[in-house]
Amino acid sequence: MTELPDAPTPAERLPKSWEPAAHESSIYQRWIDDGLFTADPASGKPTFSIVIPPPNVNGSLHMGHAFEHVLMDALTRRRRMQGFEVLWLPGMDHAAIAMQAMVEKRLAAEGTTRSDLGREAFIDRVWQAKAEISGDIGAQMRRLGDGVDWSRERFTMDEGLSRAVHTVFKRMFDDGLIYRAERLVNWSPVLQTAISDIEVSYDDVEGELVSFRYGSMDDAQPHLVVATTRLETMLGDTAIAVHPDDERYAHLVGTELPHPFLDRSIPVVADDYVDPEFGTGAVKITPAHDPNDFALGQRHGLPMPTIMDTSGHIADTGTRFDGLDRFDARVAVREALAAEGRIVKEVRPYLHSVGHSERSGEPIEPRLSMQWWVRVETLAKAAGDAVRSGATQIHPASMEPRWFGWVDDMHDWCISRQLWWGHRIPIFYGPDGEVVCTAPGEEPPAGYVQDPDVLDTWFSSGLWPFSTLGWPDDTADLRAFYPTSVLVTGYDILFFWVARMMMFGTYVGATLDQDAPVPFRHLFLHGLVRDEHGKKMSKSKGNGIDPLDWVDRFGADAMRFTLARGANPGGDLSVGERHAEASRNFTTKLFNATRFALMNGATLGTLPDRATLTDADRWILDRLDEVLADADSGFESYEFARACESLYHFARDEFCDWYVELSKVQVYADADGHVDDDRVRATGLVLGTVLDSILKMLHPVMPFVTETLWTTLTGETTVVTAPWPTAGGATRDADAATRVADLQHLITEIRRFRGDQGIPDNKRVPTRLDGIDAAGIGHLRPYADSLAKLTVPGPEFTATATLEVRLSTMTVTVDLDTSEAIDVEAEKRRLAKDLAAAEKELTQTAAKLSNEQFLAKAPDPVVEKIRLRQRIATEEVERIGAKLASLGGA
């Protein structure tokens, strides 16, 4: 009969080394195939839900996305292990401006425009582009290990979300919360649409501050000098403002001065807005092209002529400047004023902050425009009250003042965009000016024409927490998972997105059966990911990091752990390759330590009575309980860095570097060849117990390697649904902890001494430990002998070096016979040579630093460099002197 081969041991089932690329994809696909991330609203478990901040469909995931996704994945994975029914809902945003701009760029390359295609054909082209590229983001999320419920993936323009948008618009319109008015907006002449504040970036630009004269050229006659960096806007000036208390101009207030190029005069008005100490104390007012001027114009009832068309060309002024691009007009107006002798002073260059469209790059133009608005007063108050009442808690709490500063002083929100891609505003105009807002599925009256504008992207994404769960229908998902448990997002969009969600959530939530009308119970605000020098990452600076590049090079677990380890509420994170390399090394160390533990009997089962365990066993089990408490506390308070740092040092330093090494002494044969079987079994159970908990606690941030190691250790199918570890509950053995700490310190000092003396790692040194029994750790001598590579001295022992190590209760004297390990005399000669070189360096640096003439002339960096050399030389002299003394040298 043929004998079957023995089944491979757990250690043999593991690969010899961890190669992330060989395992991650198949592991993730198995999770998906097994439905581990698919939520069941009818399970009866307590629920935990997160909706993903939807990335733009036209882009790819950058390191900021990866950072955010890691944190969300860690929260959901841990809650799933704690027995919650977890939903992490994925999806993407239609990114109206970005997608339209991208497709228009493609059309331009084809020699056509959206106008050539027409609205319907153009929108079809955008849908085609969406279909081409949207899968890229999903593939990237899979590479990161995102445990999302793909069966519930949503898009801000899918049929269900479109109905939610239409429903909210109709309700708010009927409630008087949506209205149409002519107001000042950020205008993009390239995109020819209003854009939101978040799509405007401010850059310092070198321009010119030009001072010119209004009124008479005769100094004795009424006149005023004003200054501006945007000279072309003087064609839209409708007033000159001075401070009410400025005596220089009091006699001019209420008078009018003729406009140089227009057949009208403009009044001089008094307003507290003007700073009399800045410039001449007189300010030109262009209400239709400046936010501050617009507010002043409203206060004084000034006319507000718009002097530019939608493309940024001067229009309708009746001057020779009509038709000029705004920048060409700036030059032409200056030349015309100079020709009249009105230019008083030109300052070049003049550095000032200018808003630019993030999508098209050109300077934005504040422009008076007829738009649709949301009346935010009551909505913003409800958003503020939700936080004040504690219905939604902000983490960190230090962000609350910023939140209240925004919602308590919020201005009405412009929601219309002059685009074709997006949610079409459901307003129809009749032939005689009638205005009708339709409900979803409702047809407008015959002959009515729909408003051409679409809604701001933030309008639809503001509904994201409840629209993705099926609202306005009463769905099982909505009942089970709403309000969502936590929103994870960056503090940089606290106002732009979070405030909108809170306003919509409190508005819609008032009609739902929920204990508090809020979209999420907790708001966790993370910081920005910066490069290792603390600089903001950007394509233009070339310091951006592709998260998938790190996944390819270091593995998803290393990339994820790097980000989670630096995540503190509200704090920015600086990362570089050295951090990712450290995380990869940690992954490798964890893998190797687990492999060793499995080879040496690591298993799960009931632990023996604590009284039968060694000091090392009790110490590591007690530390496990402490670290579990620390990790739980960190995760619960969104202090990922604290949780990960605690787990990192426990797993790497205490378990891998110490307990695994100490366990070797417990499982290997002693000097007489005796193996204590009971001790071996107990050690295997302790190894397995600690490993089981370490791998579970690390799983939320390092899911792939922990899945491989834990399933090998336990024989179970997945760690994804394994129960989160709980504390053992034993009373901490403080005495064992003290004895192990003393042992660690003794071994560390002996190892340090060996390294200083250049003793090879594999060389055992006869050593006498005087005082080890009195210190209470005599029974731990075998550990010291093994880990510090010591042997018991024989009758011919001669101490060639002595080391004193202070422990908790007394000092242990360590006498070593290094005669066979090193050539003492040769080492003395080498050290003497090094000492002479260090002393020479010390003498030279001291001479330079005592030379007053040198110090007076030398640049500060040079002096600091010499001081650094002096400090290093001083440390070298002390170090080498100590080594010589230990060898009996002079």
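This is a predicted model: local features need pLDDT of at least 70, side-chain atom pairs count only at pLDDT 80 or more; totals for chains, interfaces and linings use all residues.
Rolling a probe the size of a water molecule over the atoms shows where empty space is left. The greatest contribution comes from α6, with 3 residues. Sorted by class, the lining comprises 6 nonpolar, 2 polar and 1 charged residues.

Strands of a sheet pair through backbone hydrogen bonds, either parallel or antiparallel. The parallel pairing between β15 and β23 (residues 520–526) extends over 3 bridges. Within this arrangement, I394 stands opposite L523 of β23.

Side chains of opposite charge can pair when their charged atoms come close. In total, 55 salt bridges were counted. One of them joins the side chains of D73 and R77, with an N to O distance of 2.8 Å. Both residues belong to helix α3 (residues 63–81) and lie 4 residues apart, about one turn of the helix. D73 and R77 are both buried.

Another salt bridge is formed by E208 and R334, at 2.8 Å from N to O. This pair links distant parts of the chain, as E208 lies in strand β7 (residues 200–215) and R334 in helix α9 (residues 326–339), 126 residues apart. Both E208 and R334 are buried.

Helix α9 also contains R330, which forms a salt bridge with E232, the closest N and O atoms being 2.8 Å apart. E232 is located in the loop between β8 (223–228) and β9 (239–242), and the two partners are 98 residues apart, so that distant parts of the chain are again linked. Residues under 20% relative accessible area count as buried; E232 is therefore buried, with a value of 0%, whereas R330 is partly exposed because its relative accessible area is 21%. Finally, salt bridges that share partners join R78, R79, D632 and E636 into one network.

Terms used: Residues are numbered from 1 along each chain as its sequence is written. Side-chain values use heavy atoms; hydrogens and water are left out. Helices (H or I, at least four residues) and strands (E, at least two) are DSSP runs, numbered from the N terminus. Ala, Val, Leu, Ile, Met, Phe, Trp, Tyr, Cys and Pro count as nonpolar, Asp, Glu, Lys and Arg as charged, and the others, Gly among them, as polar. Two strands pair if DSSP finds at least two bridges between them. A salt bridge is a side-chain nitrogen of Lys or Arg within 4 Å of a carboxyl oxygen of Asp or Glu. Buried means under 20% relative accessible area, exposed over 50%, partly exposed in between (1.4 Å probe, protein chains only).
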